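Colleague: Please take a close look at one strand pair in this model, and then at the charged contacts elsewhere in the chain.

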Amino acid sequence: MTDTPAQQAAAGPAPTGQQPPRNVPQQRPRQNAPQRNQQQQWTDLSVLIPLYNEDESLKELHQQLRSTLNRMNIRYELLFIDDGSTDRSFQVLRDLKRMDKHVKIVRFRRNYGKSAALAVGFEKAQGNVVITMDADLQDDPAEIPALRRKLDEGYDLVSGWKKVRHDPITKTWPSRFFNFVTRLMTGIKIHDFNCGLKAYRRDVVKTVKVYGELHRYIPVLAHWEGFRIGELPVQHRARRYGKTKFGLGRFWKGFLDLLTALFTTRYLRRPLHLFGGIGLLTVIAGIVVDTVLVVQWFLGLTSLGNRPLFFAGLVLIVIGVQFISIGLLGEMISKTRALSEEYAIRDFIK
């Protein structure tokens, strides 16, 4: 059945070649939709400065940073993390923001600690290189170019080394002992793990997860993610304003945090190696003690009923079995979460 002339006129002229099917709505040309996930625009350098009640030093620190970074002729941002300051720090930062477009501010509602400030700063930082430093003017901004050049030698993280410290002996000697123990237990050959002045490649800050009080062990966390760690001696200046925010209690906390860092990096995926190793040593010690006593008892040289050492051996065996059991339970838990395991991938070449 053919179309009437009126229907053919309404349909319009047909193109040459194959006829399109009738009664099919014509599609409008598709316009380019805006991309929702546009690639983030990275800058050359981010300077990340966590602070708590440092209103007296902020203006001078800002001036020194601008002087150094403007000479480097790069794109940069100054990211200040106000960790719930109760003085005029936020007002000073707001004034700096009005006069300098490079300044960015994150303000916490309360004091969460340096690890939280660094974690948020790492998330917000847009630099290909990230520099962290303290706000008390003891870290010299003039060291930033040298830290950046050190990264070009193939390192992913460069930690500052306060080789000559201008701090009281109550801070310097415990710090040396703390760093010695950390080097011994982690095998990372740097002198100053807790120096606030560090340089990172972007991959490091986007991979390493900092929480609790683990800011002291960022080199350890990065090392166990496969990043290359370096060190550079830096100038350390005496404190001019305010007072330190860390007391002697930080060393006890630091030791516990070291255990946390070791477990969550070295033994997280193989807990039986840690708990099982301790358990085996304990069981063996208990078996050796009790075996010697049983042999002496068999030879008539001693009595077991009045020997506390025999019962101590039994306790060692029981404790060792418990440690091994904990390790096995940890292995079972780690296997159940293995399907959702995340790994730090450096390259993917197809």
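Which residue in β3 stands opposite Ile-81?

Modeller: Val-106 in β3 stands opposite Ile-81. This is a predicted model, in which local features need pLDDT of at least 70, side-chain atom pairs count only at pLDDT 80 or more, and totals for chains, interfaces and linings use all residues. Residues are numbered from 1 along each chain as its sequence is written, and side-chain values use heavy atoms, with hydrogens and water left out.

Strand β2 covers residues 76-82 and strand β3 residues 103-107; the two run parallel and pair over 5 bridges (pairing requires at least two DSSP bridges between the strands). Helix α3, residues 89-99, carries the chain from β2 to β3 in a right-handed β-α-β crossover. Right-handed here means that the path from the first strand over the helix to the second runs clockwise when the strands point away from the viewer. Helices and strands are DSSP runs numbered from the N terminus (H or I, at least four residues, for helices; E, at least two, for strands).

As for charged contacts, the model has 11 salt bridges, each a side-chain nitrogen of Lys or Arg within 4 Å of a carboxyl oxygen of Asp or Glu. One of them joins Arg-239 to Asp-136, with the closest N and O atoms 3.1 Å apart. Arg-239 sits in the loop between β7 (229-233) and α9 (249-266), and Asp-136 in the loop between β4 (127-132) and α5 (144-151), so this contact ties together parts 103 residues apart in sequence. Asp-136 is buried at 8% relative accessible area, while Arg-239, at 24%, is partly exposed (buried is under 20%, exposed over 50%, partly exposed in between, with a 1.4 Å probe and protein chains only).

Lys-150 and Glu-153 form another salt bridge, at 3.3 Å between the closest N and O atoms. Of these two residues, Lys-150 is buried at 16% relative accessibility, and Glu-153 is exposed at 51%.

Asp-156 and Arg-201 also meet through their side chains, at 3.8 Å from N to O. Asp-156 belongs to the loop between α5 and β5 (157-161) and Arg-201 to strand β6 (residues 198-201), so the pair links parts that are 45 residues apart in sequence. Asp-156 is buried, with 13% relative accessible area, and Arg-201 is partly exposed at 28% relative accessibility. Elsewhere, salt bridges with shared partners connect Glu-54, Asp-136 and Arg-239 into one network.
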